[in-house]
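Here are a few notes to read alongside the model. Take them one at a time, and find each residue in the viewer as you go.

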Amino acid sequence: MKPRPAGGRALDRGLGRACDARLWAHQSAAVRIGMAGVWLLLLVHEFPRRERIWGPDAPWSWRLAEHSLDRSHAFSVLRWSGGELWFEVFYVLSAAVAVALLLGWRTRTASLLFLISVLSLDHRNENVLNAGDTIFRVTAVYLVFTRCAQVWSLDARRRGRAPDTGDRTGVVLWSACGLVLAWATLLALLTGGWALLLWGCWAGQAAWRGVRGRPGVRRTLELIGHLLHNGAVAMMMIQLCLLYGSAGWYKIQGAPWQDGTAVYWSAGLDWLEPYPALSHALSSHALTVLALTYGTVLVQVAFPFSLLDRRVKNVLLALLFAEHIGIGLLLGLPYFSLSMIVADLVFLPTGFLVWVGERVAGLWRRLAGGAGALGESGGRPAPDARGAEAGTAARSEEHTEEPSEEGEGVTPSWRASC
């Protein structure tokens with residue numbers, strides 16, 4: 001048999017990599033847990049002030065919010081009613097959705113509801129959250145297209161224990177979402193592109209359930225799901241690279257960043273000074289200020305290029321974590337810093353995430369008296385009896401490394417998958 005040319009083999013390897021069900025499984029799960037946890041923390045922390053921030057009688061009045069939404073054509077479920085009861089119910093449901101996504105329960109539905117929650121509250125009042133809302137919005141959009149519950153989730157645990165025995169809970173949840181969509185559509189509360197999108201997602205769930213007895217069609221849909229997952233995670237990485245690169249190059253053009261005094265002036269802002277003693281101690285050392293100013297620009301500009309070398313990338317990633325922690329402490333922007341740190345988790349090595357998952361699973365078993373942790377095998381992907389995520393061992397290589405051709409847990413080539 002005539003061997004295939006090198007270009008064809010490389011194409012097969014690349015397409016096989018793109019169709020790998022387990023690619024970036026741990027990274028997407030870490031981002032899912034982190035984003036849901038930070039959003040839940042925000043909702044709980046702002047619960048006593050929720051009325052003044054997003055409520056019907058907030059200083060940013062309902063009329064101002066409607067005017068802003070009309071101009072931006074943004075989406076917000078809170079616009080459907082200006083009543084107090086509607087807001088309170090939605091706020092509680094938003095917290096419940098964050099918990100469901102955090103635990104990985106019915107993740108396909110929970111991720112879409114999480115996106116609706118983030119968009120609705122953020123678009124109700126865009127003058128809060130100090131730029132962290134942008135990271136929440138962007139990441140929530142990408143999470144909808146990922147398979148972020150392959151590990152560390154109740155979904156993975158359920159697939160491993162009770163494969164394809166009927167899903168009454170899923171049917172009830174799907175029916176409830178359909179009733180809400182029908183109610184909103186009949187009352188003309190949901191129109192345009194968002195109506196098409198949400199109804200399309202709802203119909204997609206019905207189609208997925210309808211092809212359970214047709215392995216060929218099911219395998220094709222699974223392959224499309226793998227491609228969407230890998231593409232969405234790749235877009236998260238590209239988005240962060242553009243963010244850091246553009247932020248660094250814009251800083252270079254500013255005089256305070258050129259002369260090394262930007263950190264000094266930032267630490268001296270009275271309205272962004274939660275710990276004045278710490279800020280003053282930092283700004284009183286000229287060499288420290290100079291190093292932090294130039295170091296911030298250098299790390300942000302260099303980070304996109306550091307993806308070419310995993311060791312350099314890991315060092316710069318640790319420096320970015322330290323930078324965000326410093327911003328949260330010195331400037332009083334905790335949710336912006338936490339959202340950036342969580343988004344950066346997508347760059348962490350798979351081996352490190354597996355190690356952390358095993359440590360957390362061991363701690364959970366000790367605390368729970370031997371009960372199993374979320375997801376089987378200490379954070380490794382649970383086998384899917386339906387064939388969507390086959391295999392039991394996670395690769396410990398970096399997600400930036402090239403996969404082997406055969407035999408190391410990589411899904412067979414795209415030709416075999418089709």
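1. Start with Ala-232, which lies in helix H11; helices here (H or I, at least four residues) and strands (E, at least two) are DSSP runs, numbered from the N terminus. This is a predicted model, in which local features need pLDDT of at least 70 and side-chain atom pairs pLDDT 80 or more, while totals for chains, interfaces and linings use all residues. Residues are numbered from 1 along each chain as its sequence is written, and side-chain values use heavy atoms, leaving out hydrogens and water.

2. Is Ala-232 buried or exposed? Ala-232 counts as buried because its relative accessibility is 6%; buried means under 20% relative accessible area, exposed over 50%, and partly exposed in between (1.4 Å probe, protein chains only).

3. Now look at the neighbours of Ala-232. Leaving aside residues up to four places away in sequence, Ala-232 touches Tyr-142, Phe-145 and Thr-146, where contact means heavy atoms within 4.5 Å. Thr-139 is 93 residues from Ala-232 along the chain, yet their C-alpha atoms are separated by 9.5 Å.

4. Ser-76 sits in the loop between helix H4 (62–72) and helix H5 (84–103). With 5% relative accessibility, Ser-76 therefore counts as buried too. Not counting residues up to four places away in sequence, Ser-76 touches Leu-69, Ser-120, His-123 and Arg-124.

5. Next, the core. A nonpolar core is a set of buried Ala, Val, Leu, Ile, Met, Phe, Trp, Tyr and Cys residues joined through side-chain atoms within 4.5 Å. The largest one has 70 residues, of which Met-35, Trp-39, Leu-190, Val-346 and Phe-347 touch the most other members. Helix H2 (residues 25–45) provides the largest share of this core, ten residues.

6. Which helix gives the most to the lining of the second largest pocket? H16 does, with seven residues. Among the helices that each supply at least two lining residues are helix H7 (132–144) and helix H11 (215–252). By class, this lining has 23 nonpolar, seven polar and two charged residues; Ala, Val, Leu, Ile, Met, Phe, Trp, Tyr, Cys and Pro count as nonpolar, Asp, Glu, Lys and Arg as charged, and the others, Gly among them, as polar. A pocket is an open set of points on a 1 Å grid over the protein atoms alone, where a 1.4 Å probe fits, with protein on both sides within 12 Å along at least five of seven lines; lining residues have an atom within 4 Å of a point.

7. Finally, step back to the chain. The secondary structure comes to 19 helices and zero strands, and 44% of the 418 residues count as buried.
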